[in-house]
Number of protein chains: 2
Amino acid sequence: MSEDSSVVAADLPMKKPSEEEEENGSTVAASVEVDGTGKEPSCISAVIPGWFSEISPMWPGEAHSLKVEKILFQGKSDYQDVIVFQSSTYGKVLVLDGVIQITERDECAYQEMITHLPLCSIPNPKKVLVIGGGDGGVLREVARHTSVEQIDICEIDAMVIDVSKQFFPEIAVGFEDPRVNLTIGDGVAFLKAVPVATYDAVIVDSSDPIGPAQELFEKPFFESVAKALRPGGVVCTQAESIWLHMHIIEDIVANCRQVFKGSVNYAWTTVPTYPSGVIGFMLCSTEGPPVDFKHPINLIDSDENLNKSDRPLRYYNREIHSAAFCLPSFAKKVIDSKAK
Amino acid sequence: MSEDSSVVAADLPMKKPSEEEEENGSTVAASVEVDGTGKEPSCISAVIPGWFSEISPMWPGEAHSLKVEKILFQGKSDYQDVIVFQSSTYGKVLVLDGVIQITERDECAYQEMITHLPLCSIPNPKKVLVIGGGDGGVLREVARHTSVEQIDICEIDAMVIDVSKQFFPEIAVGFEDPRVNLTIGDGVAFLKAVPVATYDAVIVDSSDPIGPAQELFEKPFFESVAKALRPGGVVCTQAESIWLHMHIIEDIVANCRQVFKGSVNYAWTTVPTYPSGVIGFMLCSTEGPPVDFKHPINLIDSDENLNKSDRPLRYYNREIHSAAFCLPSFAKKVIDSKAK
C-alpha cells in the first residue's frame, strides 16, 4: 500500500464494557450521570443514550439499537422482564428479558411465516395448538384459516398477554376470535396432558432457549408434540438464525429427526429487528399421510376476500413459502447431514 | 391490564443525541472523557464505547454495532473516509463513510449473489465489466466462471483497493486473476467510452446512493450500461433493502423498465451486517435472446472441481438463486406495479 499522507495507521486502545455488563444483557439507558468521580457514567452500560440496545451472549460482539421516543411500560413478571417502548421508526416494540420480540413495523414477517408455513402445508387444518405466542399475533394469523374450528393456546406469562392487549391491539386482536381457548400455564405440562392425536398442527412461538423457553428446544418436548399430533400432523417451531446459531440448529434438527417420522425441514424468513436479520423454523410432520412442506396445498394467498380485507397478508405468499426452504450452501450442508 | 405491584408504568425522559450528531453519521468512539465540567462525555456521540455503530439518515432510528478489538486503518481518500477494524466476532471489517461494506464473516453472501445471479443466468459469459467492487470480492467470484475471457473493472477509489489488498487478502485475491484489467476512475465516464455491445454482463457493486455512488442509481447511467451490453446481455446492480428503501427501489425499477427492453427483475439476499439484514439487486437484460433470471442455466454449483477447491461456494446454489426472486407480498406489490 502506498504511504499516502492522508493515510493514518491507527492502533487505538478501545474502552470496553465490563464482562459483567455484557453478561447482564440489555437495559434501556434512561439517564446519563457524569459525576466527576472518575466512575464510568451510566452510558458506558453498552447502551447508546436514548436508544435501546440489544446485547446478549446469544449474539456476542454485536448489537442492534433502536431509537426510543418513550418508554410505555416496564415490568417484571414471574418469568421475565417486560418492556414496551415507542421507537422512532419501528412503531411500538415489545422486549422480553432484553430481547426484542416484536416491532409493529416488521412483526408481519414472523407471525405470517410461523403460522402459514405449517397451516398451508396440510389440507383443511381443524384443530391447532399454539405454545407461547402470548402477544396474539399467531392467533390472528391462524384465524385467517376458515377450516380451523378450534385454536388452543398455552402461554406461560399472563403479563405478556396483558401488555399486548394494552399496547399492541392490532396483534392482540387474535385473542378476540371465538375459536380461541386460552390457558395460562406451562406449555410442557400442557402438552403432556393432551390426548394422543388431538391436533392437526402445533405452532411453538417461543423466545430464545435461554430463560423460560429452554425446555421447548429439548427432545422430551418434541416427543410430547409428536404424541399430540394426529398422523400426518405438522409442527412449526421457532429455530434461531442460520448466521448465528448453527450449533443449536444442528442439535434441534438431530432431535427432530429422531422424533418425527414424517418429514423434517428447516425454513427461514427475514425479520430486520431480530439478530442477524433472519429467523428460522423447524417444520416437521408425524408418520401418516405425507406432507410436502415445500409445495403448499392450502393456498390462503389466493383468498380474494382475505386480500380485500382490512388486513391483507403483508409478507406471506405461496412463492415465499417455497423459497423459505431454500438454504444458503453453508447451512444446507450442515442441516442435510443431520437430517439424513 | 391488572394493576400488579410488579408493574411500573414508566415515562422516562430520554437523553437524545443532537441532530448534528445524527446527521454526521457514524464514528468510532476511541475514548471516553469524563471531565466533570458538565459537558457531555464523548460516549454521547451515539456510539457504544469500544464498539463501532452504524448510524445514517439512510436508516434513521436504528443502528447496528460491532464490538471493536482493534482499529487497523483509518484514512481519508479523495472520495470517502476509509476505516478497517478487527471486530470481536465478525472478523475484519471495511467501513466507507461510516457504512459497513464488508465483514469477513458474511461477505460470501453479497459477493456470491451479486456475481452468480447474473452470470449463471446466461450461457458462457465471456466479457464481464465490474463497476466499483474495489475490494476484489466480485472479481474473485467472476473468476470462478471458466467461460470468462476478460474481466474489466473500474473502481473510483484506489485507497479501497490498497486497503483490501493489505487487510483482506482472501477477498482481494480476485485482482490476481490474469483475466482482470483494472482501471482507476469514474465508472460513469468509463461506461460512456465503452464501444456498443461490448459486454455479456455488467456488475455494479456500489455503495449507497449518497456520496460517490449517487450517479450509479440514475437513468443516464443505466442507459450507458444498456449500450455497453450485447443483445441479451445482463446487468446486476446493488439495489438497497426492501425493508428500508422501497421508495428508492420503486424509482430504480421504473428507470430500469424504461431502459432495459429484455426483462427487469428484483432479487435479494440476507447479509447480517447490512441495515435490516437484507440487500437487493436489480437484474435486467437488454433486448435480444431472452434471459429467464429465475431459472439459472449455467450451473456453477454443480462444478465438482470448484466444490472440492480451497474455497467452495459458501452461500450460492441453484435453489437459492431461484428463491432470491421470490418477494414478500408488500414488496412484490410495489415492484410488480412498477415493472409492468
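**Cavities, sheets and the annotated span**

Analyst: The largest cavity holds about 190 Å³ of space, a volume being the space filled by probe spheres set on grid points joined across faces, edges and corners. This is a predicted model, in which local features need pLDDT of at least 70 and side-chain atom pairs count only at pLDDT 80 or more, while totals for chains, interfaces and linings use all residues. Residues are numbered from 1 along each chain as its sequence is written, chains are lettered from A and ligands numbered from 1 in the order in which they are written, and side-chain values use heavy atoms, with hydrogens and water left out.

User: What makes a space a cavity, and which residues are the closest to the centre of the largest cavity?

Analyst: On a 1 Å grid over the protein atoms alone, a cavity is a set of points where a 1.4 Å probe fits but cannot get out, and lining residues have an atom within 4 Å of a point. By that test 18 residues line the largest cavity, and Trp268(A), Ala323(A), Ala324(A), Trp268(B) and Ala323(B) are the closest to its centre. Two or more lining residues come from each of strand 12 (264–270) and helix 10 (318–323) of chain A, and from strand 12 (264–270) and helix 10 (318–323) of chain B. Helices (H or I, at least four residues) and strands (E, at least two) are DSSP runs, numbered from the N terminus.

User: How do the residues of that lining divide into nonpolar, polar and charged?

Analyst: Ala, Val, Leu, Ile, Met, Phe, Trp, Tyr, Cys and Pro count as nonpolar, Asp, Glu, Lys and Arg as charged, and the others, Gly among them, as polar. The lining of the largest cavity thus divides into 14 nonpolar, 4 polar and no charged residues.

User: Which residues lie nearest the centre of the second largest cavity?

Analyst: That cavity contains about 150 Å³ of space. Of its 20 lining residues, His64(A), Pro272(A), His64(B), Pro272(B) and Tyr274(B) lie nearest the centre. Strand 3 (62–76) of chain A and strand 3 (62–76) of chain B each give two or more residues to this lining, which divides into 10 nonpolar, 6 polar and 4 charged.

User: Why are strand 9 and strand 12 of chain A said to stand at the edges?

Analyst: Two strands pair if DSSP finds at least two bridges between them. In chain A, 7 strands form an open sheet of mixed pairing in the order 9-8-7-10-11-13-12. Strand 9 (180–184) and strand 12 of chain A each have a single partner strand, so one side of each is left without a neighbour in the sheet.

User: What makes strand 11 and strand 13 of chain A a pair?

Analyst: Strand 11 (residues 229–238) and strand 13 (residues 278–285) of chain A are joined by 5 bridges and run antiparallel; the requirement is at least two. Gln238(A) has Phe281(A) as its bridge partner in strand 13 of chain A.

User: In which sense do strand 7 and strand 8 of chain B pair?

Analyst: Strand 7 (residues 127–132) and strand 8 (residues 150–155) of chain B pair in the parallel sense over 5 bridges. Lys127(B) stands opposite Gln150(B) in strand 8 of chain B.

Technical notes. 1 Å grid on protein atoms, 1.4 Å probe; cavity = no way out; pocket = protein on both sides within 12 Å on 5 of 7 lines; lining within 4 Å.
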